[in-house]
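Q: I'd like to learn how to read the voids and helix packing in a model like this one. Can you walk me through it?

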Amino acid sequence: MNVVRTAAQAAAELSNVLSRIDEGSVQTLVDSALKARKVFFTGCGRSLLALRGIAMRFMHIGLQVHVVGDVTTPAFTGSDLLIVGSGSGETSSQINFATKAKSTGGKVALITTKPQSTMADLSDFLVVIPAMVERAGGKELAPPTLPGGTLFEESMLVLGDAMILDMAEKRAFEVGERFPLHANLE
């Protein structure tokens, strides 16, 4: 196997998926995050790892952010936004968190590959990342180069980093080589 060629193939697939995301849905997420008092993130596995990276960048531009489950996470209120990353939209723990968030009057955003799912039904809005293996004429098309949900997870991370540039511009926050709020106890 040629690892570099495989990585390039995966990057091309990533570019293809990102170019098919609806910009309007992303702008709704951006605007909602900027209006929220606090932004909470939740997901499982590698989706949660990608969301942690996005949460860090939200913090870097001055938003108050929290990752559900961290010991310092405060109460969720009606002024807050919960961003859920779930490829399937059926992860039971995430459904429970979204249900609880909705009961407080807060907003729920879903980043997913499945616009028809339990989580999608609970969400106020969603961003669909078209990273699933598709079928054409009943025949499965070639699966992504990288295994599992990698295409979804990496798409979510790259999309989140691109959102930061838009959010920083809307907040007149200067994004330089180093974010002023970047951790300095390193």
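Q: What volume does the largest cavity have?

A: Keep in mind that we're looking at a predicted model. A cavity is a spot where a probe fits but cannot get out. Here the largest cavity comes to about 40 Å³. Searching the whole structure turns up 1 cavity of 30 Å³ or more.

Q: Which residues line the largest cavity?

A: Ala 10, Glu 13, Pro 144, Leu 146, Thr 150, Leu 151 and Glu 154 do the lining. Sorted by class, that's 4 nonpolar, 1 polar and 2 charged residues.

Q: Where does the largest share of that lining come from?

A: From α6, with 3 residues. Both α1 (3–19) and α6 (150–170) supply at least two residues each.

Q: OK, and pockets? What is the volume of the second largest pocket?

A: A pocket, unlike a cavity, is an open set of points. The second largest pocket has a volume of about 180 Å³. It is lined by 12 residues, and those closest to its centre are Ala 131, Met 132, Gly 148, Gly 149 and Phe 152.

Q: How many residues of each class are in the lining of the second largest pocket?

A: You get 7 nonpolar and 5 polar residues, with no charged ones.

Q: Let's go to helix packing. At what angle do the axes of α3 and α6 cross?

A: Roughly 10 degrees, and the axes of α3 (residues 45–60) and α6 come within 9 Å. Angles under 35 degrees count as roughly parallel, so α3 and α6 are roughly parallel to each other.

Q: Which residues in α3 meet α6?

A: On the α3 side, look for Arg 46, Ser 47, Ala 50, Leu 51, Gly 53, Ile 54, Arg 57 and Phe 58. Their partners in α6 include Thr 150, Phe 152, Glu 154, Leu 157, Asp 161 and Met 167. By class, this contact holds 10 nonpolar, 4 polar and 5 charged residues. Thr 150 and Glu 154 also turn up in the lining of the largest cavity, while Phe 152 is among the residues closest to the centre of the second largest pocket.

Q: Zooming out, how many helices and strands does the chain have?

A: There are 6 helices and 7 strands, and the pattern along the sequence reads α-α-β-α-β-β-α-β-α-β-β-β-α.

Definitions and conventions: Residues numbered from 1 in each chain as written. Predicted model: local features only at pLDDT ≥ 70, side-chain atom pairs only at ≥ 80, totals over all residues. Heavy atoms only, no water. 1 Å grid on protein atoms, 1.4 Å probe; cavity = no way out; pocket = protein on both sides within 12 Å on 5 of 7 lines; lining within 4 Å. Points joined across faces, edges and corners; volume = space filled by probe spheres on them. Helix = DSSP H or I, 4+ residues; strand = E, 2+ residues; numbered from the N terminus. Nonpolar A, V, L, I, M, F, W, Y, C, P; charged D, E, K, R; others polar. Axes fitted to C-alpha atoms, helices over the stretch in contact; angles between N-to-C directions. Parallel < 35°, antiparallel > 145°, perpendicular 65-115°, else oblique. Contact = heavy atoms within 4.5 Å.
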